[in-house]
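Please read each point alongside the coordinates.

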Amino acid sequence: MRVATAMTNVHYVLHAPQGDTYADLLFTMIERLPRRPPVTYSTFQARDLGGDTAQLFKEAVANAFDRFQPQAVLVGSSCTAELIQDDPGGLARALNLPVPVIPLELPAYQRKENWGASETFYQLVRNLVKPADKDLSAAPHKPSCNILGPTALGFRHRDDVREISQLLQALGIEVKVIAPLNASVEDIRKLAQADFNVVLYPEIANTTAQWLERQFNQPYTRTIPIGVSATREFIREVTSLSELPIPVGLEDDMHSVWYSRSVDSTYLTGKRVFLFGDATHVVAAARFASEEMGFEVVGLGTYSREFAREVREAAKKYQVEPLITDDYLAVEEQIKHLHPELILGTQMERHIAKRLNIPCAVISAPVHIQDFPARYAPQMGFEGANVLFDTWVHPLMMGLEEHLLGMFREDFEFHDGAAPSHLGSSRVAETPVTALREVAQTELPKPITAQPASSAWSIEAEKELGKIPFFVRGKARRNTERYALEQGLSTITVETLYDAKAHFSR
């Protein structure tokens, strides 16, 4: 449905019971599309199971064709309808429609969503594409490519396509077809006319790109242009394929490298980050986080089992244990174990981060309505790197502010009853004496003679303390030492430091 919704003049007829028809609403509700997905359901009910559900499906296909007049028809079964074992492909072909009918066999109980989208795109291309005219291919022409992989409900696919299209045009490369997003049946037929393919989302387009390479000798790109370094590598790859020079001034709008080395950001260096999502975005985001933001990758994983090898290779680079699972509870346990300071994940990890009070930014589908902003916000190319910097740093800045609020909550200068500190204010503090007395009482150490008089800092804890901004470092040191004293700890470790932070932030 992600592929059909992305395209024009195709229609998807789904053999599905009443109740499975909610799926198309996701596209209009989450992605805020101005149109309903091109899908028709057979919508059989429990009482129909004793009759002829096959006839119901044939009538649904015939009615959909008469009403929408598509140039190609996709047919398939929902997970529930698979159990009744009708044959949508054979039933639809028996109607002898004057357009291609493409059956989709997507075993929902065995395969996952990305595999289904990849298989749908592959079947569409395999049934529709036509060989290129040899005379036209041999004639002198401007280097050209197709962009493969963007779909509906993809994470920032719309903006990534715009950014990469502009980049390719700036390099002097003609973009012939973008598919399946906004592609028509006629566009799919022209895919073989381009010189090479740009694969932006391997989970969706790798199978198709490999088939096009075998059938039409079309090479395809391997680099995903997320981050400045990867974008430069991508440019070198496409200019190599097109035999074009790299023009001057291509990086004029790049700001993220300078931003990540600015005074505002250097104190974020070494932040511990955990990544989870589809394999493409996780591997690319880990590289950007480590090489360009200066973060420490403490864990990464994916639900894309088909790309587990790539994620395991990336994990070796950062010397962490990869997590390959679609069990969100396992992901949550891993996050609890690793204590990251930032999570880069999907909408599911956003929920986990909220429960654990950890800053989070979404980098991959599955997504939420807020991941489809009205503004231009790509993830790829040089502008995408600027967006990544903003998106990842702001949650940490907000976390820092919450951290400060927690640290100063009981400070006599900053408690709720304190008067404004700016000049010219005439408002008198409401209960300064009471507040001071309360603070003084909370600041007094408990008279427990059995506890050690002071706690020594381990070398690792001192090093970790040094990462805290200087203007709150003293407060953090005092609070940690007080916490250690109350707990009867003779040595302050890194764990003690974070336990104290959690204790005083409550």
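1. Is N182 buried or exposed? The model is predicted, and in it N182 is exposed, with a relative accessible area of 53%. This residue is found in the loop between β6 and α8 and has a positive phi of about 65°, although it is not a glycine.

2. The loop that runs from β6 (174–179) to α8 (185–189) also holds P180. The peptide bond from A179 to P180 is cis, with omega near 0°.

3. A cis peptide bond also joins A365 and P366, with omega about 5°. P366 is placed in the loop between β12 (360–362) and α17 (381–408).

4. R156, likewise not a glycine, has a positive phi of about 60°. Its loop connects β5 (144–148) and α7 (157–170). R156 is buried, its relative accessible area being 9%. As background, most residues other than glycine have a negative phi, and most peptide bonds are trans.

5. Helix α5 (residues 113–128) has 16 residues, which at 1.5 Å a residue should span 22 Å; the end C-alpha atoms lie 23 Å apart, in agreement. The helix is mostly covered, with 12 of its 16 residues buried. Among them are G116, F121, Y122, L124 and L128.

6. Helices α15 (residues 328–338) and α16 (residues 347–356) pack at an angle of about 45°, their axes 10 Å apart, and are therefore oblique to each other. The crossing is right-handed. On α15 the contact is made by Y328, V331, E332, I335 and K336, and on α16 by M348, E349, I352, R355 and L356. By class, this contact has 6 nonpolar, no polar and 4 charged residues.

Note on methods:
Residues are numbered from 1 along each chain as its sequence is written. This is a predicted model: local features need pLDDT of at least 70, side-chain atom pairs count only at pLDDT 80 or more; totals for chains, interfaces and linings use all residues. Side-chain values use heavy atoms; hydrogens and water are left out. Helices (H or I, at least four residues) and strands (E, at least two) are DSSP runs, numbered from the N terminus. The expected span of a helix is 1.5 Å times one less than its number of residues. Buried means under 20% relative accessible area, exposed over 50%, partly exposed in between (1.4 Å probe, protein chains only). Axes are lines fitted to C-alpha atoms, for helices over the stretch in contact, and angles run from 0 to 180 degrees between N-to-C directions. Angles under 35 degrees count as roughly parallel, over 145 as roughly antiparallel, 65 to 115 as roughly perpendicular and the rest as oblique. A crossing is left-handed if the near helix is turned anticlockwise from the far one by less than a right angle, and right-handed if clockwise. Contact means heavy atoms within 4.5 Å. Ala, Val, Leu, Ile, Met, Phe, Trp, Tyr, Cys and Pro count as nonpolar, Asp, Glu, Lys and Arg as charged, and the others, Gly among them, as polar.
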